[in-house]
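These are my notebook entries on one structure. I set down what I looked up, in the order in which I looked it up.

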Amino acid sequence: MQFEKTQTFQNLARSFAGECQAGMRYQFVAQLAEKEGKIALRNLIKTIAKNETAHAKAFFDKMHEHASGQIGKVEFTADFPYSAGSLEEGLRFSAIAEDEEAERVYPAFRDKAREEGYEDIALLYERIILVEQAHRQTFDALFEDVRAKTLYKAEKPRTWKCSNCGNEGEGKTAWATCPLCGMKQGYVEIPVPNEEEA
């Protein structure tokens, strides 16, 4: 069967569109963090947005790698998440969207690719599923910290680092103003949950 007529082709097109939209939605959430002066949080969310763009490119490349010729327009029907609101709501919604991809959508697409004989595409989905699971974990933790106002607090002393000048300090709470460069607390780097647990 011609690749363009397979369900895997359709799934790659949907995945490409979904990842493009996720990257843009996360840029909006990053803007909300910036408005609140949480610059390190903004940067972390922008990194996740960049990851989503890289996933979109990987799906796009696989479509073209397997296509029998130039791909023109691809028609498909799908539902994509839309949300707006506060930073807290944006983080929560992002976690839910990542969970949907990692636990339901991409596993089904992986299985279909395998069933249709595209093992390389199935492996691509497997790799991206792992990243989306990590994104979900990060968004869940950030949501909880923003909601509980504990983004710059820890249960036990830890090292806090200024993302502007690199200054480090120990404590249960990050400084309000960096003692080295004078930047506000929003420049303190935020630990990524899955990195802390490793």
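I worked on a predicted model, in which local features need pLDDT of at least 70 and side-chain atom pairs count only at pLDDT 80 or more, while totals for chains, interfaces and linings use all residues. Residues are numbered from 1 along each chain as its sequence is written, and side-chain values use heavy atoms, with hydrogens and water left out.

**Entry 1. Overall layout**

I counted 5 helices and 2 strands in the protein; helices (H or I, at least four residues) and strands (E, at least two) are DSSP runs, numbered from the N terminus. Along the sequence I read the pattern α-α-α-α-β-β-α. Taken along the principal axes, the box filled by the C-alpha atoms is roughly 65 × 30 × 25 Å. I noted that 41% of the 198 residues count as buried, where buried means under 20% relative accessible area, exposed over 50%, and partly exposed in between (1.4 Å probe, protein chains only). Among contacts (heavy atoms within 4.5 Å) with a separation of 6 or more, 65% come from residues 24 or more positions apart.

**Entry 2. H2 against H4**

I looked up the pair H2 and H4, and found an angle of about 165° with the axes 11 Å apart. That makes H2 roughly antiparallel to H4; by the cut-offs I used, angles under 35 degrees count as roughly parallel, over 145 as roughly antiparallel, 65 to 115 as roughly perpendicular and the rest as oblique. The crossing of H2 and H4 is left-handed, a term that applies if the near helix is turned anticlockwise from the far one by less than a right angle, with right-handed for clockwise. On the H2 side I listed residues including Ile45, Ile48, Glu52, His55 and Phe59, and on the H4 side residues including Leu124, Ile128, His135, Phe139 and Leu142. The residues of this contact divide into 14 nonpolar, 5 polar and 5 charged. For these classes, Ala, Val, Leu, Ile, Met, Phe, Trp, Tyr, Cys and Pro count as nonpolar, Asp, Glu, Lys and Arg as charged, and the others, Gly among them, as polar.

I then took H1 with H3, which pack at about 165° with axes 11 Å apart. H1 and H3 are therefore roughly antiparallel to each other, and their crossing is left-handed. The contact includes Arg14, Tyr26 and Val29 of H1 and Leu91, Glu98 and Phe109 of H3. I recorded 11 nonpolar, 6 polar and 6 charged residues for the contact of H1 with H3.

For H2 and H3 I found that the axes come within 13 Å and cross at roughly 30°. H2 and H3 are therefore roughly parallel to each other, and H2 passes H3 in a left-handed crossing. Leu41, Ile45, Glu52 and Phe59 of H2 meet Leu87, Leu91, Glu98, Glu101 and Tyr106 of H3. By class, that is 6 nonpolar, no polar and 3 charged residues.

**Entry 3. Cores**

Which residues touch the most other members of the largest nonpolar core? Among its 29 residues they are Tyr26, Leu41, Ile45, Leu91 and Ile190. Such a core is a set of buried Ala, Val, Leu, Ile, Met, Phe, Trp, Tyr and Cys residues joined through side-chain atoms within 4.5 Å. Two or more residues come from each of helix H1 (7-35), helix H2 (39-66), helix H3 (87-115) and helix H4 (119-148), and H2 gives the most, with 6 residues. Leaving aside neighbours within four places in sequence, I found Ile45 in contact with Tyr26, Val29, Ala30, Ala33, Leu91 and Phe139. Apart from this core lies another, of 19 residues, including Leu12, Met63, Tyr106 and Tyr118.

**Entry 4. Single residues**

Is His135 buried or exposed? At 5% relative accessibility, His135 counts as buried; its place is in helix H4. Not counting residues up to four places away in sequence, His135 touches Ile48, Asn51, Glu52, His55 and Glu98.

Lys149 lies in the loop between H4 and strand S1 (153-161) and counts as exposed, at 65% relative accessibility. I noted its phi near 60°, a positive value in a residue other than glycine. Most residues other than glycine have a negative phi.

Glu4 is in the segment before H1. Glu4 and His66 are 62 residues apart in sequence and 8.4 Å apart in space, C-alpha to C-alpha.

Key:
Axes fitted to C-alpha atoms, helices over the stretch in contact; angles between N-to-C directions.
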